[in-house]
Amino acid sequence: MLERINILDIIRGTTVDGPGFRTSIYISGCRHRCHGCHNPESWSFELGNAMSLEEIMDIVKEEDFDVTLSGGDPLYHPDWVAKLCDEIHKLNHTVWLYTGFTWEEIMDSPILLEAIKQCDVIVDSPFILELRDTDLLFRGSSNQRIIDVKRSMDSGEIILWHRS
C-alpha cells in the first residue's frame, strides 16, 4: 500500500485543465520553481491535506469525470502517480498530467517514464514567463507541449495532442 500524499486541492467539474469536465488533483511539491508560476504555494511538499489513494479514488468515482494531475509537479511522486493513473484507467477515465519536466528528460529517466506510461496526455516543460501566452489552449507558455503519450511512445517521436 502506498503512503498518503499531500494534496493541495481537488477541483471538481473544471474545464480549464484539459478537455471536457474534469476532476483536477493538485499534488504538493515542485522543485522547478518557475518564475511567474500561478501556484507557487504548490512548491512545498509539506502543504495540503494528506490523503490516501483510496480517499482520492473515492472522489474520482463520485465525480465520474476524466482526471488531470497538476500541482506542484506530480512527477516528483512517480510511483504514486503510476498507481493513481492505473486506478483511474480502471474506471475508463483519461488522465492528463502537467509537469515541468520535458519529454526528453522523462524519456531519459526510467522512473519518470514508468510514471507517464499510464497517462493519456502530458503537458510538458517548465512555465517561462517571457513566453506566456494567454491565448494558448491548456498551457501557460509557448514552450510547453501537449503530448499524446501513447502515440508518442508507439512512434518514438513526439506526437502533439490536438482537439478533435
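In helix α1, the buried residues are L53, I56, M57, I59, V60 and E63. Around the helix axis they span an arc of only 155°, so they sit on the same side of α1. This is a predicted model, so please take what follows in that sense.

What do those residues pack against? The buried residues of α1 are packed against β1, β2, β3, β4 and α2. The helix as a whole lies across four strands, β1, β2, β3 and β4, and its direction is at about 0° to β1. Just after α1 comes D64, which has a positive phi of about 60°.

Next, the sheet. It is open and has seven strands, in the order β3-β1-β2-β4-β5-β6-β7, with mixed pairing. The edges are β3, residues 49–51, and β7, residues 145–148; each has a single partner strand, so one side of each has no neighbour in the sheet. On average, neighbouring strands in this sheet are turned by 30° against each other, ignoring direction.

I will stay with β4 for a moment. On one side, β4 pairs with β2 in the parallel sense, over six bridges. Within that pairing, R22 is opposite D66 of β4. β4 is also joined to β5, again parallel, by three bridges. Here V67 stands opposite V95 of β5, and L69 has L97 in β5 as its bridge partner. Together with α2, the strands β4 and β5 make up a β-α-β unit, and that unit is right-handed.

Is T68 buried or exposed? Its relative accessibility is 0%, so T68 counts as buried. Leaving out residues up to four places away in sequence, T68 touches D17, R22, T23, S24, I25, W96 and Y98.

Now the loop between β4 and α2, where L75 is located. L75 has 2% relative accessibility and therefore also counts as buried. Which residues does L75 contact, neighbours within four places in sequence aside? They are L97, T99, F101, I106, L112, A115 and I116. Take A115 from that list: L75 and A115 are 40 residues apart in sequence, yet their C-alpha atoms are 7.3 Å apart in space.

The largest nonpolar core contains 32 residues, and the ones with the most contacts inside it are I7, I25, I56, L69, L84 and I122. Which elements give two or more residues to this core? They are β1 (5–14), β2 (22–27), α1 (53–63), β4 (66–71), α2 (78–90), β5 (95–98), α3 (103–107) and α4 (110–116). Another core, of seven residues, lies apart from this one; Y98, V121, F138 and I146 are among its members.

Last, L84, one of the residues with the most contacts inside the largest core. Neighbours within four places in sequence aside, L84 is in contact with I25, L53, I56, M57 and L69. Of these, L53, I56 and M57 are among the buried residues of α1 I started with.

How values were computed. Residues numbered from 1 in each chain as written. Predicted model: local features only at pLDDT ≥ 70, side-chain atom pairs only at ≥ 80, totals over all residues. Heavy atoms only, no water. Core = buried A, V, L, I, M, F, W, Y, C linked by side-chain atoms within 4.5 Å. Buried < 20%, exposed > 50% of the residue type's maximum accessible area, 1.4 Å probe, protein only. Contact = heavy atoms within 4.5 Å. Pairing = 2+ DSSP bridges. Right-handed = clockwise from strand over helix to strand, strands pointing away. Axes fitted to C-alpha atoms, helices over the stretch in contact; angles between N-to-C directions. Arc of directions from axis to C-beta.
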